[in-house]
Amino acid sequence: RKNTKRVPSFRKLLRTSKIKLDNKLKNKQYKQQSAAKKYRKEQKKLREAVRDAISRKPFPLEECKKKQVDKKWKEEEEEALPLDMMDEDDLKLMEDLAQNASFLTRDLSSNEPVHIKKRKYESVIDKYEKVPRRMQTEPQKELIHLLPIKDKGGIIPQTMEKPVLSVAQDEEEETEEMEEAEDFDEEPLPVLSPEEMAAQRRQKLHERKMHIADLASAILCEPDNNIKKLKELRAMLMEQDPNVAVIVRKLVMVSLMEIFKDIAPSYKIRPLTEAEKATKVKKETQKLREFEEGLVSQYKFYLENLEQTIKGTVNTFLYLYNVISLKAYKGLAEIAVKCLCELLVALPHFNFHNNIIVLIVPLMNDTSKMISELCFEAVKKLFKQDKLGYASLGVVKVISGLVRGRNYNVRPEVLKVFLHLRIKEVELQKDSEDIAPKKKFMTYKEKRKNLSRMQRKWKKAEEKLERELLEAEASESKEKKLKLHTETLNIVFVTYFRILKKAQKSPLLPSVLEGLAKFAHLINVEFFDDLLIVLHSLITSGGLSYRENLHCILSAFHILSGQGDVLNIDPMKFYTHLYKTLFSLHAGRTNDDIGIVLQCMDVMFAKRRKQVSQQRALAFLKRLSTLALHVLPNSSVGILATNRVLMQTFPKMDLLLDNESQGSGVYLPELEEPEHCNAQNTALWELHLLQRHYHPTVQKFATHLIAGAPTEGSGALSLDLSQRPSVELFEAYSMRGMTFNPPVASVTARKK
């Protein structure tokens with residue numbers, strides 16, 4: 001019988017292990033043996049049924065020859081039958097029935113007449129049911145047909161009974177045969193020393209590396225002709241040799257990643273329609289189509305392999321059968337994550353980019369710090385290089401769904417990645433004429449004067465084409481960019497507002513406040529009142545840390561310094577809170593928070609100079625000067641740079657450089673209201689102490705402020721210090737790397 005079972009494909013064979021294939025082969029052999037046994041038993045039953053039917057077949061009675069009938073037997077029969085008690089009609093009927101053979105074989109208990117069997121419509125089932133049953137008390141015997149014997153009477157068939165073994169004996173014999181076959185197939189392996197095993201492993205690894213290099217170089221040299229070799233290279237991802245399996249798979253993963261980065265086109269490949277497939281094209285076009293189709297399919301299979309490696313579905317049996325260790329398995333997954341991160345950044349325009357985003361974003365919340373940092377850096381790079389906004393929008397959508405799906409129980413780094421979005425302006429309503437770059441075209445008079453008739457005709461067609469190109473390049477691209485940025489920011493703000501509303505005690509709140517501080521100027525004016533109320537309630541609740549309070553204040557002033565200028569909102573409560581909490585800063589762990597304070601001071605005073613009173617500016621100048629004595633040098637430089645801006649922005653700030661008091665009252669430094677502390681009646685005596693500071697830059701700033709912060713003359717600062725903002729100076733003179741800026745001169749240099 002022809003085997004119609006379909007042969008498994010090469011791809012299916014790659015996904016099955018050697019152990020699984022052996023088990024499949026054993027199961028197949030067992031099924032074949034069982035089917036053969038079953039067939040033999042059926043044939044045996046059929047032969048026995050035929051023999052039983054032949055033995056039960058009724059034969060007609062032979063006609064009795066009157067010459068051979070014994071008179072004595074007839075007399076005895078007549079004596080046995082009481083014929084004198086029977087009528088003549090009954091006797092005649094019995095004699096007639098005796099001549100019919102069916103009388104002897106008929107079921108006497110039946111009331112049916114004799115001629116009922118002659119009906120044509122009698123069913124086969126009824127005939128079968130009328131055959132008597134007998135229980136099989138003896139084991140079935142199989143007959144072996146021998147050569148027949150011929151004599152004078154004819155051919156006599158010869159048979160012999162075959163001894164039937166029990167089922168247990170059959171199974172024992174089969175297992176013994178299988179064990180003997182296995183013992184025969186398995187040859188004893190030679191015992192190798194550790195040095196020989198290491199040399200053998202190096203040889204195998206070298207062969208695999210050379211094979212990978214040959215395939216990769218062939219693909220890179222002629223991708224169109226060697227696209228089928230991608231499949232051969234991808235097949236090496238299923239390396240089964242436990243000695244080199246992990247290293248070979250890592251090498252193949254990285255090699256395929258680099259190959260796809262090199263040969264992938266700069267456009268997205270779409271599938272062909274049925275009409276396009278049916279049309280005849282040139283050989284070059286057909287070759288390009290085959291290349292693109294093969295590239296997309298192999299890229300898809302490669303991404304599936306990476307996904308399965310990360311999720312542990314392909315290599316589970318390897319780990320279970322001790323082919324690779326758990327540590328090696330984790331290393332393999334890390335390489336797969338690195339490859340996905342590289343493809344996320346390198347091929348944002350190519351196929352299946354959204355699938356990569358769906359894989360990478362949840363891994364930002366992974367328990368492994370290394371994997372989460374890899375994914376965070378990849379998304380950060382993607383945001384920074386994404387100019388149009390398609391990839392950023394896809395990532396933001398997945399992050400928003402992840403945060404909501406996990407019930408806001410994610411790592412803060414997942415939301416901190418929003419801070420790297422390249423969105424500075426969102427212009428919802430703007431005409432395409434204003435967006436498109438304007439180009440001057442020649443007037444009709446200039447054309448008549450300088451060009452001939454034919455030139456004017458060509459010039460007109462050229463200008464029409466240029467106008468169409470300008471509209472296509474400028475208006476469409478910029479409109480799309482603005483729409484994408486607007487949609488992206490809407491999703492970001494929805495995520496922020498949900499956390500502010502439902503998870504105010506979540507560890508995500510600092511990231512939310514930091515994000516609001518950055519994008520607050522892009523929020524719709526309708527939400528300003530509600531948002532300021534929420535921020536103030538968070539500050540007054542007392543459940544936030546000092547850094548979170550600073551982020552609330554910074555967010556509020558970013559809102560008011562942008563579109564919030566048109567609103568009549570007095571942020572005095574935010575000024576007061578910052579003023580009374582400035583002395584919470586010191587040279588310890590809160591020193592890094594001074595960078596946020598400097599940003600707040602820039603937004604609160606430099607950008608809102610018209611809304612700030614002189615009393616408030618004097619109070620902050622005095623308190624910041626006092627704070628400069630308690631912090632590290634980089635913080636002192638930043639604070640003194642902020643004081644310089646205050647003295648140059650607000651008039652009459654030099655009152656604090658005079659010993660004589662101005663007006664009535666005494667300065668009250670413990671008062672929490674900056675408007676009523678009488679700061680005009682004090683002096684900046686802290687600057688004299690800062691003049692003797694060990695840091696030379698702090699000395700320069702203190703001397704500059706004592707001179708009244710002049711822009712010219714001997715007391716002016718150098719351009720390197722005067723033109724840099726306070727936040728930049730704070731970062732430039734930081735001592736995180738345990739280095740001193742400027743570097744300290746050595747003892748020999750001092751002597752010289």
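Predicted model: local features only at pLDDT ≥ 70, side-chain atom pairs only at ≥ 80, totals over all residues.
I take buried to mean under 20% relative accessible area, exposed to mean over 50%, and partly exposed to mean in between, with a 1.4 Å probe and protein chains only. I number residues from 1 along each chain as its sequence is written, and side-chain values rest on heavy atoms, with hydrogens and water left out.

**Entry: salt bridges**

I searched the whole structure for salt bridges and found twelve. The criterion is a side-chain nitrogen of Lys or Arg within 4 Å of a carboxyl oxygen of Asp or Glu.

I looked up Lys311 and found a salt bridge to Glu307, with the closest N and O atoms 2.9 Å apart. The two residues are four apart in helix H12 (residues 283–311), so about one helical turn separates Lys311 from Glu307. Helices (H or I, at least four residues) and strands (E, at least two) are DSSP runs, numbered from the N terminus. Lys311 counts as exposed because its relative accessibility is 55%; Glu307, at 26%, is partly exposed.

I then turned to Arg208, whose side chain meets that of Glu239 in a salt bridge of 3.2 Å, N to O. Arg208 belongs to helix H8 (residues 194–221) and Glu239 to the loop between helix H9 (229–235) and helix H10 (245–263), so this pair ties together parts that are 31 residues apart in sequence. Glu239 has 12% relative accessibility and therefore counts as buried.

I also recorded a network of salt bridges that links Asp720, Arg724 and Glu728. Within it, the closest N and O atoms of Arg724 and Glu728 are 3.5 Å apart. Glu728 is partly exposed at 40%, as is Arg724 at 23%.

**Entry: surface patch**

I noted a nonpolar surface patch formed by Leu46, Val50 and Ile54, with about 290 Å² of accessible area together. Patches consist of residues with over 30% relative accessible area and no salt bridge, like charges being joined within 9 Å and nonpolar side chains (Val, Leu, Ile, Met, Phe, Trp, Tyr) within 5 Å. Accessible areas come from the Shrake-Rupley method with a 1.4 Å probe, and for residues only the protein chains shown count as cover. Ile54 sits in helix H2 (residues 18–56) and is exposed, at 56% relative accessibility.

**Entry: cysteines**

How many disulfides does a search of the whole structure find? I found zero, taking a disulfide as a pair of cysteine sulfur atoms within 2.5 Å. I also checked Cys552, which is buried at 0% relative accessibility, and Cys600, which is buried at 1%.
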